[in-house]
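Here are my notes on the model, point by point. Please read them with the structure open beside you.

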Amino acid sequence: MNNAKPIPNKNVEILDKFWSEKIELIRTEVIPYQWKALNDMIEGAEPSACIRNFRLAAQALQKRRNGEETPVYPTDKWYYPPSDSPADSFYGWVFQDSDLAKWIEAAAFSLENRPDAELESLVDGAVELICAAQADNGYIDTFYTINDPSKAFTNLRDHHELYCFGHLAEAAVAYYKAVGKDKLLKAVCRFADLICDTFGENGKAGYGGHEIAEMALIKLYETTEKFDYLKTAKLFIDRRGTKPYYFDTEHGRDSGEKLDYFYNQAHLPVREQDEAVGHAVRAVYLYSGMADAARLTDDKELFDACRRLFDNITERKMYITGGIGSTKDGEAFTFDYDLPNDLAYAETCASIGLVFFARRMLQRDFEGKYADIMEKCLYNGVLSGIARDGKSFFYVNPLEVDLTACKRDSRKNHIKPVRQKWFDCACCPPNLARLISDYGEYCFTETDGALFVNLYQSAKVNSEKAEIEIKSDYLQSGKIEFKINPKNPFTLALRIPCWCDDFTFSIKNPYIKKGYAYFDIENETTLIAEFPPKVKIMKCNPLVRSNAGKIAVTRGPFVYCLEEKDNGKNLHLLSLSRNPKFRFDGENITANGYREEIKAHNRLYYEYEEPEKRLVRLKFIPYYKWANRGENEMCVYIRY
């Protein structure tokens, strides 16, 4: 069993200006804002109905306990709009409960970073509400509790009970670790026990349509040491894709010999899968659970499958921003090298899920490429999902936006030129909040003999191995100073970023393996690492048709983009000069380029003639900052 584990948030004080501002924004703005959204208190935003559903479920349970009958409502849809549903029935998406769970988890990580009595009291109230909505057998799901309890666990393919459980379990563990309160943890364990009884070795051979229960059960196992949770998680993983398909069984269909359920990653047994397919968020949540299970059970075959899937995503199906899932049809992966910029889906939750997957791969196999992907996603495809003020969000993260097309072309109506206040399907905002609040846990990993530094920022770390003070200028000069006070001799491993070509260390001749530099630390030590970032012109594989003849600009971990606000309309007419003369001002990049002139002959087609171009100075901004200045065009790739 691999015993690698993240250093917990409470042992990591983030001092870095860049990340401490983001974490504080979540604490002071995002968490309070999202609590209002969950309570339908944001004017002009899509209603959530999440808190309302929990209250209604608690009332329905109490009535039944009192011997009263409650109405039965349909359970055959994914979405129940308030405008078309009875007043005492469930409102919203069948997975709406998960929004409250993710909010609690974000609040828990925030409390771990900085105690806040008012926020803790708010969470305690939410916990009381959830527990009031728990059935006597441990079941928690407001959709079925309100509309028809007899239908519980009858449609695992579509109706997200195990998904909602998974988020609730992760929230319960986080809150217990943050403040030591176990009421929600005990409630979730009762629900987990019900799941183990229902779907364990002697139960139904089921598994969830939307994965997350796998890694949530494993997190419960690591917290409670109850082996049934790990065993059931492994059963969910091992059953997936086997014949007859469970989803056919529960729907009265004959599986036959057909290959089905790509959308749910249930088309093949997981050990036979080598291509990421289907709904992107579901996929990376499954792969995260697989990586956890492989680590804890020393299952090499399962981990080999994880490695193949990770490489398929990152080498053939991932945008340069860390976005995954290129089509809105099923919010899904398509085929290798299919990465259109202007049709991109790249759901925020999918990039977050890829961070989860990468961290779990890193816990099993210390290879720098996993932390490189965490970094790429965090600085680009994740942070782009939230506005500078923390009060609006992107569900979809395109790499090119044309205002006319996204408003008038139905193929692109998922593309928004500005972030939204909230969504009826609001999975992304609380997912962002919980990841950013938990940022500290992604920075460092500890084993029996070593401490790995995966992400770089100014911080104070108190680990089992040492007290370490880090002063970082990573995003500017790339210089990082470590002051290390060891408690016992240990090995310090520093990731060498994949974008850095010319790194140096003040302690010479470290042992370098798989993207990490290793140093033996026995006494109080000061170590300086330098990873100087430089502006790079990046080209993607020529099989990516959308980017033939185009390049992207990066510096360090950041991908850059052009916006209309700085460069005028019709960004597609711009090209980068062969002699760009890049200049970095501390945040933005300027470069020489050309703008193709539009001739006045007004013909749609004409015989080719050399286009007229004028020299312009282009301005690139970090991709994550786009759309903070109102509606305007944007593009990441530019002609070269």
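1. The sheet. Six strands form an open sheet with mixed pairing, in the order β1-β6-β7-β11-β14-β13. Its edge strands are β1 (5–6) and β13 (511–513), each of which pairs on one side only. Helix α14 (residues 368–382) packs on this sheet and touches β11 (490–495) and β14 (516–521). The direction of α14 makes about 50° with that of β11. Strands (E, at least two residues) and helices (H or I, at least four) are DSSP runs, numbered from the N terminus. Two strands pair if DSSP finds at least two bridges between them. Contact means heavy atoms within 4.5 Å. Axes are lines fitted to C-alpha atoms, for helices over the stretch in contact, and angles run from 0 to 180 degrees between N-to-C directions.

2. Basis. This is a predicted model, in which local features need pLDDT of at least 70 and side-chain atom pairs count only at pLDDT 80 or more, while totals for chains, interfaces and linings use all residues. Residues are numbered from 1 along each chain as its sequence is written, and side-chain values use heavy atoms, leaving out hydrogens and water.

3. Strand pairing. β6 (residues 444–446) and β7 (residues 450–453) run antiparallel, joined by three bridges. T445 has F452 in β7 as its bridge partner. β7 and β11 run parallel, with four bridges. Here L451 stands opposite L492 in β11. β11 and β14 are antiparallel and share six bridges. F490 has I521 in β14 as its bridge partner.

4. Burial of β11. Six of the six residues of β11 are buried. Buried means under 20% relative accessible area, exposed over 50%, and partly exposed in between (1.4 Å probe, protein chains only). In a regular strand, side chains alternate between the two faces of the sheet. Both faces of β11 are covered: F490, L492 and L494 lie on one side, T491, A493 and R495 on the other.

5. Cysteines. How many disulfides does a search of the whole structure find? It finds zero, taking a disulfide as a pair of cysteine sulfur atoms within 2.5 Å. C377 is buried, at 0% relative accessibility. Its closest cysteine sulfur, in C498, is 12 Å away, too far for a bond. C498 is exposed, at 55%. The closest cysteine sulfur to that of C498 is in C500, 9.8 Å away and again too far.

6. Cavities. The whole structure holds four cavities of 30 Å³ or more. On a 1 Å grid over the protein atoms alone, a cavity is a set of points where a 1.4 Å probe fits but cannot get out; a pocket is an open set with protein on both sides within 12 Å along at least five of seven lines; lining residues have an atom within 4 Å of a point. The largest cavity has a volume of about 50 Å³. Its lining includes F54, D97, I140 and F191. The largest share, three residues, comes from α6.

7. The largest pocket. Its volume is about 920 Å³. Grid points are joined across faces, edges and corners, and a volume is the space filled by probe spheres set on the points. The pocket is lined by 40 residues, of which K5, P6, K177, E222 and E441 lie nearest its centre. α8 gives the most to this lining, with six residues.
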